[in-house]
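Me: I'd like to learn how to read a protein model, feature by feature. Could you put it up and walk me through it?

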Amino acid sequence: LLEETLARPPKCFWNGFEFSRDGSHILINTDSEIVWLIDSFRNDIQPKVFGPRKNDGNLKLGCCLSTDCQTAFVANDENEILVYNKDTTELLTTLTGHVSPVGCLAFNPKYDVWASACGNIALWIPKEN
């Protein structure tokens with residue numbers, strides 16, 4: 001997917017971006033089927049691509065990085081949240097439960113809890129080890 005996307009980037013609009021908590025990366029959200037992760041300081045490092053995600057309506061869907069900067073959370077238009085490994089871009093799991101596409105995802109770095117919202121809000125609390 002990365003080689004195809006870099007060779008022929010999709011025509012899309014950026015609709016949001018955020019710096020990772022450690023400041024080393026920028027997560028770029030688009031209205032297309034992909035989300036980009038670029039290095040904040042070096043342009044010689046290939047960007048990472050999370051996707052494809054289903055976004056046929058070119059919606060403004062949510063995405064964010066976890067507080068430890070190891071996981072990317074990316075919403076799709078099927079009311080799901082796709083969870084990717086930041087380093088390998090491997091899809092780890094898919095979270096369900098929303099009634100419409102998730103437009104907002106955010107982490108609380110102090111309490112390591114995160115929220116997702118569409119027509120309803122879900123708070124996700126990590127399991128204690």
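Me: Which residues does C69 touch, leaving out those up to four places away in sequence?

Reply: A contact here means heavy atoms within 4.5 Å. Leaving out neighbours up to four places away in sequence, C69 touches S20, R21, D22 and K86. Keep in mind that this is a predicted model, where local features need pLDDT of at least 70 and side-chain atom pairs count only at pLDDT 80 or more, while totals for chains, interfaces and linings use all residues. Residues are numbered from 1 along each chain as its sequence is written, and side-chain values use heavy atoms, with hydrogens and water left out.

Me: Is C69 buried or exposed, and where does it lie?

Reply: Go by relative accessible area: buried means under 20%, exposed over 50%, and partly exposed in between (1.4 Å probe, protein chains only). C69 has 6% relative accessibility, so it counts as buried. You'll find C69 in the loop between β5 and β6.

Me: What does A72 touch, and which element is it in?

Reply: A72 lies in strand β6. Not counting residues up to four places away in sequence, its contacts are F50, C64, L65, L82, V83 and Y84. A72 is at 1% relative accessibility and therefore counts as buried. The C-alpha atoms of A72 and L91, 19 residues apart along the chain, are separated by 9.4 Å.

Me: You keep naming strands. How many helices and strands are there in the chain?

Reply: Helices (H or I, at least four residues) and strands (E, at least two) are DSSP runs, numbered from the N terminus. This chain has 1 helix and 11 strands. Reading from the N terminus, the order is α-β-β-β-β-β-β-β-β-β-β-β.

Me: How many aromatic pairs are there?

Reply: Rings of Phe, Tyr and Trp (its six-membered ring) pair if their centres lie within 6.5 Å; planes under 30 degrees apart count as stacked, over 60 as edge-to-face and the rest as tilted. By this rule there are 5 aromatic pairs. Take F73 and W114: their ring centres are 4.6 Å apart and their planes are at 50 degrees, so this pair is tilted. F73 lies in strand β6 (residues 71-75) and W114 in strand β10 (residues 113-117), so the pair ties together parts that are 41 residues apart in sequence. F73 counts as buried because its relative accessibility is 8%. W114 is at 8% relative accessibility, so W114 counts as buried too. One aromatic cluster is made up of F73, F107, W114 and W124.

Me: What about the backbone: which residues are joined by a cis peptide bond?

Reply: For this one, look at the omega angle. G51 and P52 are joined by a cis peptide bond, with omega about 5 degrees. P52 lies in the loop between β4 (48-50) and β5 (63-65).

Me: And what phi does N58 have?

Reply: N58 has a positive phi of about 50 degrees, although it is not a glycine. N58 sits in the loop between β4 and β5, and it is partly exposed, with a relative accessible area of 45%. N79 is not a glycine either, yet it has a positive phi of about 65 degrees. You'll find N79 in the loop between β6 and β7 (81-85).

Me: Is K127 buried or exposed?

Reply: K127 has 78% relative accessibility, so it counts as exposed. K127 lies in the segment after β11 (121-124). The C-alpha atoms of K127 and L59, 68 residues apart along the chain, are separated by 31 Å.

Me: Zooming out, what radius of gyration does the chain have?

Reply: The radius of gyration is taken over C-alpha atoms, and the globule rule is 2.2 Å times the number of residues to the power 0.38. With 129 residues, a compact globule would have a value near 14 Å; the chain has 14 Å, which agrees. Along the principal axes, the C-alpha atoms fill a box of roughly 40 × 35 × 20 Å. Of the 129 residues, 39% count as buried.
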